[in-house]
Amino acid sequence: MECVVQGIIETQHVEALEILLQGLCGVHRERLRVHELCLKSGPNLVHAVPFVGPVASEVRLLCDLEHSEPTWTVKHIGGAMRGAGADQISVLVRSMIESKASKNVLRLFYGLGYKLENELLRVGFAFHFQRGAQITVTVSSINKMLKLHATDEAVPVTPGIQLVEVTAPATPENYSEVVAAVSSFCEYLAPLLHLSKPGISTGVVPTAAAAAASLMSDGGGTTL
Amino acid sequence: MPTKWVLHWHPNPGSTVNSQILNEVSQCAEAINGVKDGRWKATLTLLKPNLRDQSQPGEYPRELLGISLPEQPNKYYFILRGPRIVTEADSSIQVIMEKLQSYKSRIALYFEGYQYQLGDFQLRVGKVVSSHSENLRGIVLEVEYLPISSMEKASQVLGEFVDIWQEAVLKRSLPGSFMHNEPNLSEYGLAVQYAYVMAQLFASQSTQAVRN
């Protein structure tokens, strides 16, 4: 299970965001370069969903390209928490399971009958820190590949715009506290960007330019 | 992954494996000064694709093997025998596969028993039972030479130990013998050896069924 919010920021303000995050998190950023492959099971390979019928299943394979030896992670994102309670909170709470895997995991899933649905390359940086919960903030450009698996030839999907994601692992027992921690942290970023549940786009915030200018002139010393 | 040889009991034609043979084999380990050192268990799961149309298997594999080994409790191994793929993953991959529901467990084989220390060797004697029945399906033997982690270097020593073991078992005049495939030197060779044992067990039981 994880808690997630997303937002967008103009590339010209990313440096200011990094300064702000550095001050808030107290840790060094890590570079991010992840090849993400979304696989879907073939047409005859299904599972039954009550009241829906047979459906294909999806899984994501993440290849971390930042280090000399790429590492692979299998990720399954499940349904979001529903109900009146879920509607009232500004953070998405959803099922999520990850597993590290050996480098031939893509071959395994192809061998099992999964097909590549889409692939993208995330390039940017991430902060991992503890602030009421174990929080990860990633700031990245989303890039598409012009040729199959050609990560060296990727181009931005939305030039000039980068995606900001704030995620935190949670359990059914502690998700309320994690939601509160994430929401609280997001308030510090409000002058630069608005973070909301994935799928709910709010665009760039009008105060971003001024906030970024303040951060850049003061190197993060100014309290926004 | 540790460097081990996995042997399986091959009954003589007309005979079957039974608990008395298992007892004799265990006594054999103690007779050559093996010191009982705890229990062990490995699990091999056979998964089948969840097909919308069973009459059209198409390009999907007939089965996927999943293996958990006692020396790697946080890991899980998948084997696709056709394309010879062995994948190591965190044990949480099992939860992911359950969520995907594209492949479902049909039967599990449990390899379990006692392990013995014999100087620089570790011996594991185990029965094989399935999730569908408590009947004994087979007997396995794991042999590990502890000082060396390289399978290539340990092969000769392991081979000599197995020769001694075979002689000890032969003296008990049991209706069968231990057999092993050429040890797999690949990175996940132990998982591959268990997959081979499973294949041999199912093959021998199919032969037995035909005879009956």
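Visitor: Leaving aside its neighbours within four places in sequence, which residues is His13(A) in contact with?
Guide: Contact here means heavy atoms within 4.5 Å. With neighbours within four places in sequence set aside, the residues touching His13(A) are Ala208(A), Ala209(A) and Ala212(A).

Visitor: Before we go on, what pLDDT do local features need in this model?
Guide: Residues are numbered from 1 along each chain as its sequence is written, chains are lettered from A and ligands numbered from 1 in the order in which they are written, and side-chain values use heavy atoms, with hydrogens and water left out. This is a predicted model, so totals for chains, interfaces and linings use all residues, side-chain atom pairs count only at pLDDT 80 or more, and local features need pLDDT of at least 70.

Visitor: Back to His13(A): buried or exposed?
Guide: His13(A) sits in the loop between strand E1 (2–10) and helix H1 (14–25) of chain A; helices (H or I, at least four residues) and strands (E, at least two) are DSSP runs, numbered from the N terminus. Buried means under 20% relative accessible area, exposed over 50%, and partly exposed in between (1.4 Å probe, protein chains only). At 8% relative accessibility, His13(A) therefore counts as buried.

Visitor: How many bridges join E1(A) to E11(A)?
Guide: Strand E11 (residues 161–169) of chain A is mostly covered, with seven of its nine residues buried. Strands pair if DSSP finds at least two bridges between them. E1(A) and E11(A) run antiparallel, with Ile9(A) opposite Gln162(A). The number of bridges joining E1(A) to E11(A) is nine.

Visitor: And what is the bridge partner of Thr136(A) in E11(A)?
Guide: Strand E9 (residues 134–145) of chain A also runs antiparallel to E11(A), joined by five bridges. Look in E11(A) for the partner of Thr136(A), and you'll find Thr167(A).

Visitor: On to the interface: how much area do chain B and chain A bury between them?
Guide: Here 30 residues of chain B are in contact with 29 of chain A. Buried area is the accessible area (1.4 Å probe) that two parts lose on being put together, summed over both. With 60% of it on carbon and sulfur atoms, the total is about 2,500 Å².

Visitor: Which three residues supply 26% of the area that chain B buries against chain A?
Guide: That share is more than any other three residues supply. The trio is Arg52(B), Tyr60(B) and Leu100(B).

Visitor: What is the count of salt bridges between chain B and chain A?
Guide: A salt bridge needs a side-chain nitrogen of Lys or Arg within 4 Å of a carboxyl oxygen of Asp or Glu. By that rule, the count between chain B and chain A is zero.

Visitor: Which elements give two or more residues to the side of chain B that touches chain A?
Guide: Helix H2 is on that list, along with two strands.

Visitor: Phi of Gln101(B) is near what value?
Guide: Gln101(B) lies in the loop between H2 and strand E6 (103–118) of chain B. At 25% relative accessibility, Gln101(B) counts as partly exposed. Its phi is positive, in a residue other than glycine, and near 55°.

Visitor: Phi of Ser173(B) is near what value?
Guide: Ser173(B) is in the loop between helix H3 (151–170) and strand E9 (176–179) of chain B. Ser173(B) is exposed, with a relative accessible area of 63%. Phi of Ser173(B) is also positive in a residue other than glycine, near 50°.
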